[in-house]
Each structure stands twice: as structure tokens, then as C-alpha cells.
Amino acid sequence: MTEVTREVFGRLPQEEGGGTVEKFTLKSDSVRAEILSLGCILAALETKGRDGAFADVVLGFDSLEGYTRKHPFFGAVVGRVANRIAKGRFILDGQEYQLALNNGPNSLHGGAKGFDKVLWSPEVVPSGVRFFRVSPDGEEGYPGELKVWVTYTLRGGELAINYRAQSSRTTPVSLTNHAYFNLAGQGSKDIYDHEISIEADSYLPVDDTKIPTGEVAAVQGTAFDLRAPVQLGRHLQRFHLDGFDHNFCLQPGSARRLAARARHPASGRSLEVHTTQPGLQFYTGNNLDGSLEGKGSATYPKHSAFCLETQSWPDAVNKPHFPETLLRPGEEYNHSTWLLFAAA
């Protein structure tokens, strides 16, 4: 049985729109998750190690104030379109749309005020919580009124996230959760001793602004071949990499499938990511710099966490040969991701 409780986490200042932010705690025998109604943020995720002790394995803040300041999307649901859109621009039905540029020359994770920065309407459901919001026509430059539902459910060691959306006009949609994981426990200095594997035969090379070049490249014989587990620190050294921030192309199809595994040998904690999405952005916290004070006064230096963001391929709205991200009136966007935690 999953226990679901709710409490007030804080109140947004008037300049942020005001409103009460609630925290929902989902608790099973092996996992405890805390989710906020601001940005559907996964604020804490406690899992057991082989010694039976719980540790919080996601980065974040102790108070609402941390989440209302600038931060790198810790734990949030991002959208309307996750990842980058080149020059914040796309053409639909002959009309050009211009989005906010919030990542160099590009638009990132929905723009200046994406889904991560707004208050959602919550509803407790069996074993979890569902959040709802209406993104108005023209919000952040996107066409169409978009109704969005995000549902978190916890059953045993499995946390499921379901994303649904309906639009009044054709619009690109790609939603994901941007949790930063460290299976040794948040606040641990790095992720170099983690073992990582990703179920992908190909990946997307990017230009110097992290926009895919359009090539779909085979991982075979490259630093991006993570089909067998690698120890992350050794792998980065071997290939002289500053880190990963790339989309891995998952097996095509809409069925649930394994996307990635992460394991921390010292604690025995492991994470499996399953999804119905076509892509997985693997990011190793390259831009963390220790300047943010997180939970328990922890600092988060470079490579102190990793992200496994299940999503559509970046800049797909501008690349016709990529899996399509357009949602049309009368259709439904419906994707799920499952996080499975274990200890051995």
C-alpha cells in the first residue's frame, strides 16, 4: 500500500503570482517521494541501500525560496517542449513562431517561464497525485490552448510518471521530468563511481550550442556506446570527455521498454528507467558549479548528479526526419516513464 499525505510547503510571493504551494508525500515500504504543486517538482526521493538505510537521491532545496530563485530545473516537469529548439523558432502551417531565447541563441525547456515555474492544480489519486494546468494560447510563444495532466504514482519500488495533453491548435509538445540523481545520496561530491548503461544503438551529435546537427550516428566504437555498463569516471577519462549532454535514440515503438540503468556499487542502490518515449537525454551535471546551496546546506559541484530525461528528440519541430512532436486538435499526447529502485 502507498500512503499519500499533503501539506502546505509555502506561499509564492505576489510578484511570482501568489498562491499556496503544496507538498505531496508518497510513501511505500522502500521509497518515499515528495512532489510539489509548483512545477510538479520531485523535491525529494528517498530509497534504501543494501544496508536498509534510506538516502535522498535527488538534488533540490529545503524551502520554497530555493525553487523560486534561478536554478537548473531541479526535479521539475519542463515544457511545453523539453530540451532545445534552435534559435527558438519554428514554422507551422506557413506561420513562423518565435519563442524566448533563454539558452544562448536557443529556447530551452519551454522558455523564460515554462511549466517548471508555474503553480499546478493538484488532486490526490490512488497511490499518487495528479496535477493539471491550462497553458493559454500564445504562452511563451506557442500556439494553441494546451490542457496538461501529470500524474505521479508509487507502487513498491516503482515511481511512475504519466504525461497527458490536449491542444486546441497544432503545437509541438514534449514533456519530461528533470530530476538530478546521485544514488550515493544528494550532497555526495560526484557520480564518478556510478555505473551507467543506456539501451541505444544511436545518438544525436550536436553543434556548439547543443542543437542536434541532424545526423543520427551509431554509438558503435564511440564514447557514446553505453550499451554495456561503464564506470562513469573512468569512461570520461578514457575518452577525454567533459561530460554528457546528449540525446540517445531509443528503440522505436510506443510500448514500454528499458531505456537506462544506473548503479552505485558502494551503497547497492540501482535505478532502472523505462519509458514509452523515443529519446533519452543523458546529462552529467556539467554546468553545476557549487554555487547553489541545496538540501541540508549541501553544495552541488560539477558532475555531482546525472539526469536521465525521457523525451522526444531535441529540435524535432525543425527536423522532419526526427520522430514528430506535433500534437493536433482531437489527438492526445500520452507518454509514461517508470523509475524502478532497488538495492543489492
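Okay, quick ground rules. It's a predicted model, so to speak: local features need pLDDT of at least 70, side-chain atom pairs count only at pLDDT 80 or more, and totals for chains, interfaces and linings use all residues. Residues are numbered from 1 along each chain as its sequence is written, and side-chain values use heavy atoms, with hydrogens and water left out.

Let's start with the whole chain. We've got 2 helices and 27 strands, which are DSSP runs (helices H or I, at least four residues; strands E, at least two), numbered from the N terminus. The C-alpha trace spans about 60 × 50 × 40 Å along its principal axes. Of the 344 residues, 57% count as buried, meaning under 20% relative accessible area with a 1.4 Å probe, protein chains only.

Now, the pockets. A pocket here is an open set of points on a 1 Å grid over the protein atoms alone, where a 1.4 Å probe fits, with protein on both sides within 12 Å along at least five of seven lines; lining residues have an atom within 4 Å of a point.

So what lines the largest one? There are 36 residues, with Lys 70, His 71, Pro 72, Phe 73 and Leu 108 nearest its centre.

How values were computed: Buried < 20%, exposed > 50% of the residue type's maximum accessible area, 1.4 Å probe, protein only.
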